[in-house]
Every structure is written in structure tokens, then in C-alpha cells.
Amino acid sequence: MRKLAAILLIFCLTLPLVFAADVEDLLGPEEEKEIPTRYIYFGATPIKDALTAKSQAPETILKQATDTTMKKEEYPYTIEKTEIKIIKFRCDDKMGICGYWVEATRGGREVQTNSPIWISPPPYEVVISEVYDSKVNENVVTIKEDPKLAVERVLQGYVDRQPLGEATVGTKE
Amino acid sequence: MITRSFLCILLFVLLVGTVSADTLIINPTQDGFLKREPYGTWVNARNGAGSDSGFTNSYNLAAGLRSDTTENLWQVMSRGAYVFNTTLIPDDATITSAKIGVTGYRQWSQIGYYNLVFTGFNPSNPSSLATSDYNKFTDTEYSDRVNISVFSSMDTHYNFTLNSGALSYINKTGNSPFLLRQSWDVDNSSPVWVSGKLEYFYTNYNENVDSTLRPFLEITYTEPPPPDTTPPASITNLSNSTATCQEINWSWTNPVDADFNHTYVLKDNVFYNNLSNTTTFSLWQNLTGGQNYTFSSKTVDTTGNMNETWVNMTATPTACGFTPVANFIANATSICINETVFFNDTSTNIPTSWYWMFGDNTTSTDQNLTHLFNTTGFFNISLKATNAFGNDWENKTNYIYVDACTPPPSGCFFVNLTNITVDVSSVDWEITQDLATWGVRYNISENWSSYYYCILTPTPTPIPTWGPVINPSTESDIRPDNLIGYWWVGALIVGIIVVFRKW
């Protein structure tokens with residue numbers, strides 16, 4: 001009797017585990033369900049507004065916005081908390097993009113960059129926070145228009161992908 | 001040859017080794033996922049037409065597979081489509097490397113580990129993907145295969161290195177569409193069937209507001225160097241040789257500029273030739289000896305840049321010819337003292353200088369000249385004719401005879417057998433007769449080496465006149481020693497004289 005009770009106890013205790021293990025199978029391959037995302041803009045959005053207004057071609061708007069922002073910097077300057085130095089930049093009206101001449105090190109050793117680095121289209125938005133709101137089951141993403149920070153992040157990603165080695169500079173200024 | 005080859009290789013290495021590259025990071029202009037729900041076998045799931053294919057950005061891009069829950073059939077094959085505007089790559093650029101980076105994560109993870117790979121894609125309109133593009137792809141793999149297990153963080157890009165085929169596939173004048181697929185899908189190898197399992201791989205799509213998380217195509221390319229406007233250096237060490245007559249052999253050292261193409265050469269300011277970059281000499285032939293010729297050159301590179309600095313040199317070739325053969329003639333060879341003789345140079349092979357010796361211790365360097373002989377006797381005349389190729393002597397012994405030319409007596413007479421009048425005041429008279437004419441002669445030298453000869457001119461009224469000085473060599477027949485055979489004539493004359501005196 002005691003044996004039977006022990007067996008029943010074990011059975012009862014392990015039953016949820018079995019269910020837990022098979023729940024996915026039991027449920028079957030569900031349709032992929034994405035958590036809804038809501039975007040919130042932080043600060044003014046002149047670039048987004050201009051793109052929406054379609055007053056000019058998108059590449060023109062983005063190029064001008066980047067050009068205006070980046071011209072405010074004094075070159076060369078080092079991207080904050082990185083070993084990446086932006087030597088100079090130039091925007092190409094015809095292509096509608098901007099290129100950056102960089103020098104970078106990783107642990108003090110030179111990174112094999114190939115400047116200029118042209119970015120198309122010119123980035124201008126950065127995510128400054130992404131929060132999941134469990135009450136309403138949605139992601140809340142806060143965005144800020146910041147062409148300079150967006151450029152710096154893309155360049156940082158580029159440098160991170162590059163191997164160590166001697167940097168080269170393109171022939172056309 | 002080895003040195004030249006080494007230099008060429010060194011220049012190539014220096015040039016290529018310093019080739020620089022640009023980088024272009026492009027986010028897609030269009031992207032979406034291609035989804036099929038053929039229901040059926042693996043092969044059908046892979047190849048069959050789908051009923052729920054579409055391109056939309058309402059989802060993250062996917063490259064995945066699932067097996068049907070209840071019917072035990074393969075269901076839903078998804079592929080991620082990316083279109084990059086690659087017209088930004090300069091037309092004259094050479095793409096050296098490229099990679100596609102995606103951020104993503106693996107969802108469900110029930111079918112097992114597998115690889116992802118990019119292949120070609122041919123949508124009808126890359127600027128606006130449509131559901132009808134679902135089957136317009138190729139199985140040509142354009143990237144390495146990346147195991148799905150590496151996608152563990154949604155915030156990190158994972159890179160698919162594009163292969164050489166992809167570098168050619170990238171369209172520099174249009175869009176370059178790529179498709180992200182499972183390796184199973186590409187090589188048509190069915191995954192292990194597990195009923196009711198899901199396997200999806202999601203990536204961030206281009207409309208993700210965080211630009212740093214968007215997929216990208218990163219291209220490294222080199223552009224031709226900017227137009228070369230620097231001409232090559234000039235030639236150096238220009239020199240010439242005129243060792244051979246009527247020829248000039250110019251030689252020089254070419255510049256070391258890698259793009260040096262040819263030397264532009266003028267001959268006396270008239271275009272002569274464009275000489276290749278390996279030519280270091282030029283032989284000018286059939287020139288006129290003694291005339292100046294000027295070599296003028298400029299250097300030109302492969303793009304046509306000309307060094308405007310002239311490098312000039314002038315040289316004079318020698319004439320071709322032979323050693324002179326000296327000779328001369330005189331207008332008289334027998335003259336009286338203090339008379340002149342005109343000597344005419346008749347040397348051949350164009351002598352350029354002359355040296356005369358007249359046998360009287362006088363010389364001259366004129367070509368033709370008149371010489372005064374102021375002493376008597378025989379004189380040896382010599383001429384040395386010289387030109388660039390040598391000299392020659394002509395010696396003529398006893399060529400000129402100079403006589404004292406003592407004046408003859410005041411009267412001239414002739415012998416007339418019937419009426420003879422002879423001035424016998426001089427002991428130097430002698431009655432002579434040659435073969436044609438009777439006469440007398442008057443000795444003006446020793447041994448009758450020269451004399452005046454009085455001849456009877458055969459006119460109606462014979463008039464005795466003094467003839468010219470007779471040279472014994474030409475008048476030997478009337479020399480005294482030749483008159484022995486006419487002894488009786490002499491005796492007759494002497495007899496007549498005696499008779500006349502007595503009478």
C-alpha cells in the first residue's frame with residue numbers, strides 16, 4: 001500500500017514535468033507571432049518630417065542633413081569611447097551620400113580600414129531605448145534623430161568588422 | 001634582361017602594393033521575405049508554387065522552414081530577399097571584396113543546426129518586389145555558408161563574405177538583388193523530418209529605425225588612379241658617335257618612369273620618329289659629311305603627357321672618300337732665268353691641302369700657283385696632296401730647266417753657197433746643217449748644251465732670223481758631234497772664206 005502510494009505520488013509529481021516537456025509538441029508548430037512594436041520619437045524630427053513631406057528626393061534630404069550636422073565638428077576628432085578618429089568627411093551631391101576618412105586602432109594596433117567609407121543612405125536615426133511593456137505586450141522603442149551619432153555607430157560597426165592591418169586611403173578625395 | 005625584369009616587378013609591386021581602396025556601405029532599397037506553403041514533400045516545399053508568398057516589411061525577414069503539425073507534410077519555406085542599389089559604385093571601380101551583414105536571431109530551433117547562404121535573385125522589378133517574384137532565384141551560391149548557431153545576439157551583425165562570383169554578379173549600373181536561404185534549400189537535401197517542428201531565422205529588415213541594425217552590403221573597391229598629368233623625366237646621357245662616315249649613332253638613357261612610353265625625336269627640327277621606351281639608340285645614315293645634324297627629343301608617357309624640356313645635341317658626320325692621287329702639270333718646263341712657271345694641281349680624290357717643293361728651297365701650300373725661278377739649272381718639282389683619308393706625293397725629277405739665256409750676237413746670218421756673208425768675230429760660230437736647212441749656230445753655253453740657231457726661212461726672199469734656243473736633247477741631230485759626217489762642207493766653207501779674203 002505504501003508502495004502504491006509512493007508510486008502515485010511520484011506519478012503525480014512528475015506529471016506536470018511531462019506536460020511541460022511536451023507542451024510545445026502538444027501545441028504544435030504555432031504561427032510565428034511577433035510582439036507588437038511601438039515607436040516613439042524623442043525630440044524634434046525635422047528629417048523625418050522632410051522625408052514625409054517629400055519636398056526633395058530622400059537622398060538629397062538625408063545628405064544635406066548629414067552634411068549640415070557633420071560640418072559642425074572640428075576635424076579630426078575621436079568618436080567618444082572608441083579608438084576611431086574621423087579625419088575628415090565629404091558629401092557627394094551627385095551620389096547623395098557622404099564619405100568618411102577614418103583612422104582606427106584596436107588595442108593600440110592599427111585597423112585595416114579602407115577610407116573613404118561611404119554610407120548609403122546617410123543614417124540619421126538611432127534607438128536610444130527599447131522597453132517591453134508586459135502589461136500591453138508590446139515593445140516601446142524610443143528613437144532620436146541624430147545623424148552624427150548614427151554615422152558614428154555605422155563607422156564603429158565597420159571598424160569592428162575590419163581586421164588589424166595597414167589602413168589604406170582611396171585615391172579620389 | 002634580368003635587371004629590367006626585376007625593375008618591372010619592383011615597380012609593379014610598388015604600384016599594386018600601394019593601391020588603396022574605398023568602402024561603400026549600402027542598406028537595401030527593398031527587402032522582404034519570400035514565403036511558400038506548397039504542402040507536400042520536401043521537394044515540393046522547396047520547388048513548388050506557393051499560395052502565400054509575398055513581400056512585406058510587416059515582419060522581420062525570415063529564412064526558415066517548418067513541418068506541418070497534423071498532416072506530416074513540409075510546410076512553409078521562407079527566404080529573405082534583399083535588393084541593394086549598387087549604382088553608387090563607380091563604373092570604373094574594381095570590386096575587391098564584399099560582404100553582406102545581417103543582424104538576426106534563430107527562433108524555434110527545433111529542426112537542427114544548418115547553414116545559411118546568399119544566392120542570386122532575379123525579381124522582375126527590383127525596385128518593387130512582388131509576390132510573383134517568388135520563383136525567380138537561382139541556386140548559385142554567392143557567399144560562404146554561415147552556421148545558424150552564430151546568430152545568438154540580435155544586436156550584432158554577422159557577415160556573409162561574398163565570393164568571386166558574387167563580385168561579378170554585383171551590378172554597378174543597377175540593383176543587385178540577393179536571397180538569403182538555407183543550405184538545405186540550395187543543395188536540395190531534405191532536413192531530418194521531425195513532425196510538427198519549426199525552424200525560423202529572423203533578421204532585422206531595412207525599415208528598422210536603428211540604422212546600425214539594418215542589413216548592409218559592404219563593398220571594398222579600388223578606383224583607377226586619378227588622371228596622370230605628370231610627364232616622364234627627360235632622357236639622359238645623350239651622346240653620339242661619328243666613327244663611320246656619313247653616319248651618326250645617337251645613344252642615351254631612358255627615364256625610369258613606369259609610365260614612360262616613347263621618345264619624340266626631331267632631326268634638324270623636323271619630325272623624325274617616335275622611339276619606343278626600350279630604344280636607347282638611333283642610327284642616322286646617308287648623311288652629308290661635314291654637315292651639322294641636330295638631335296632633339298622630348299619624352300612622352302602612356303597617357304600622352306609630354307615633357308616639354310628639349311634635350312638637344314648637334315654632331316657632324318665625316319665624309320666618305322679615298323686618299324688623293326697627287327699630280328700636276330706646268331705651263332712650261334724650259335724657261336729663262338727669272339721667268340715664271342704656272343703649276344696646275346691635277347690631283348684626284350679631292351685633296352683638301354697641298355704642299356709644293358720647287359727644288360730651289362722654296363715651298364708653297366697653294367693649290368695652283370705661279371713660281372719664279374731665279375737660278376739656273378734643272379729643278380725637281382714635288383707635290384704632296386692631302387685629305388681626310390690620307391696623302392700622296394708626286395715627284396718629277398729635272399722637271400723644270402732654267403737657262404741663263406745669254407743674248408745672241410747682233411747679227412744673224414745664213415749660209416748661202418753663192419753669196420755667203422758671215423760674221424766670224426765670234427769663235428763660237430759653227431756652220432751646221434740639219435736635214436732640211438743650212439745654217440749656223442751660236443753657242444751660248446759650254447759644250448753646246450744650248451745655242452741659238454740661225455735658220456733660213458724658206459721665203460721668196462730668205463731672211464735669216466734667230467731661232468729659239470735649242471735644247472740639245474731635241475736637236476741632237478745638229479749638235480757638233482753629229483756633224484762629223486759633214487766635214488767636207490766645213491772644209492768647203494773655210495776654203496771659200498780663204499779665197500774671199502785673198503781676193
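Two residues are in contact here if their C-beta atoms, placed from the backbone, lie within 7 Å. With that in hand, welcome to a predicted model, in which local features need pLDDT of at least 70, side-chain atom pairs count only at pLDDT 80 or more, and totals for chains, interfaces and linings use all residues. Residues are numbered from 1 along each chain as its sequence is written, while chains are lettered from A and ligands numbered from 1 in the order in which they are written. Helices (H or I, at least four residues) and strands (E, at least two) are DSSP runs, numbered from the N terminus.

- B:Asp185 sits in helix H4 (residues 183–187) of chain B.
- Setting aside neighbours within four places in sequence, B:Asp185 is in contact with B:Arg46 and B:Met77.
- B:Asp185 counts as buried because it has 26 C-beta neighbours inside 10 Å; the term asks for 20 or more other C-beta atoms within 10 Å of a residue's own, with 12 or fewer making it exposed and values in between partly exposed, C-beta atoms being placed from the backbone.
- From B:Asp185 to B:Ser78 is 9.7 Å, C-alpha to C-alpha, although 107 residues separate them in sequence.

- All six of the six residues of strand S12 (residues 198–203) of chain B are buried, so the strand is largely enclosed by the rest of the structure.
- B:Leu198, B:Tyr200 and B:Tyr202 point one way from S12(B), and B:Glu199, B:Phe201 and B:Thr203 point the other way.
- Strands count as paired if DSSP finds at least two bridges between them.
- Strand S6 (residues 94–107) of chain B is joined to S12(B) by four bridges and runs antiparallel to it; B:Arg106 has B:Phe201 as its bridge partner.
- Strand S3 (residues 61–62) of chain B pairs with S12(B) in the antiparallel sense over two bridges, with B:Ala62 opposite B:Tyr202.
- Strand S4 (residues 65–67) of chain B also pairs with S12(B) in the antiparallel sense over two bridges, and there B:Leu65 has B:Glu199 as its bridge partner.

**Helix H4 of chain A**

- The axes of helix H3 (residues 58–70) and helix H4 (residues 147–161), both of chain A, come within 9 Å and cross at roughly 95 degrees. Axes are lines fitted to C-alpha atoms, for helices over the stretch in contact, and angles run from 0 to 180 degrees between N-to-C directions.
- H3(A) brings A:Ala65, A:Thr66, A:Thr69 and A:Met70 to the contact, and H4(A) brings A:Pro147, A:Lys148 and A:Val151.
- Buried residues of H4(A) include A:Leu149, A:Val154 and A:Tyr158.
- The buried residues of H4(A) pack against H3, strand S3 (84–92), strand S4 (97–106), S7 and S8 of chain A, together with S1 of chain B.

**Where the two chains meet**

- In total, 32 residues of chain A are in contact with 28 residues of chain B.
- H4(A) gives the largest share of chain A's side, six residues.
- That side of chain A divides into 18 nonpolar, seven polar and seven charged residues; Ala, Val, Leu, Ile, Met, Phe, Trp, Tyr, Cys and Pro count as nonpolar, Asp, Glu, Lys and Arg as charged, and the others, Gly among them, as polar.
- S7(A) and strand S1 (residues 22–26) of chain B run parallel, joined by four bridges, and A:Ser120 stands opposite B:Ile26.
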